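Here's a quick briefing on a protein model. Have a look at the structure, then read on.

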Amino acid sequence: MTKLVYFAWVRERIGRAEDELSLPAEVITGADLLAHLKTLGEEYEMALAFPDAIRIAVNMEHVEHDESIVGAREIALFPPMTGG
């Protein structure tokens with residue numbers, strides 16, 4: 001099982017802060033994960049409509065969409081952050 005944590009408007013659109021999921025074997029990269037999540041329901045599809053805008057952290061380390069997520073204990077999804 002992998003813990004998925006959602007932040008900011010991703011959390012608001014999905015309607016919950018986290019999920020605990022067993023990911024299919026074909027979900028290998030961050031991009032695969034986003035594509036898979038979009039199949040779980042309308043709220044996921046709406047939250048992830050623009051996957052390039054979603055940032056991914058695996059076990060609290062930022063990763064690119066083409067990097068492996070295999071073996072991740074926790075994956076966080078969040079929109080781009082700004083600050084100053």
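**A quick tour**

Starting at the N terminus, the elements of this protein follow the order β-α-β-α-α-β-β-β. That gives three helices and five strands, where helices (H or I, at least four residues) and strands (E, at least two) are DSSP runs numbered from the N terminus. Keep in mind that this is a predicted model, with local features needing pLDDT of at least 70, side-chain atom pairs counting only at pLDDT 80 or more, and totals for chains, interfaces and linings using all residues. Residues are numbered from 1 along each chain as its sequence is written, and side-chain values use heavy atoms, leaving out hydrogens and water.

**Overall build**

- Buried residues (under 20% relative accessible area, 1.4 Å probe, protein chains only) account for 37% of the 84 residues.

**The core**

- The largest nonpolar core has 20 residues, and Tyr6, Leu33, Leu37, Ile75 and Leu77 have the most contacts inside it.
- Such a core is a set of buried Ala, Val, Leu, Ile, Met, Phe, Trp, Tyr and Cys residues joined through side-chain atoms within 4.5 Å.
- Elements giving two or more residues to this core include strand 1 (2–6), helix 2 (30–37) and strand 5 (74–78).
- Helix 2 contributes the most, with three residues.
- Beyond its neighbours within four places in sequence, Leu33 is in contact (heavy atoms within 4.5 Å) with Leu4, Leu23, Val27, Ile69, Ile75 and Leu77.

Notes:
Buried < 20%, exposed > 50% of the residue type's maximum accessible area, 1.4 Å probe, protein only.
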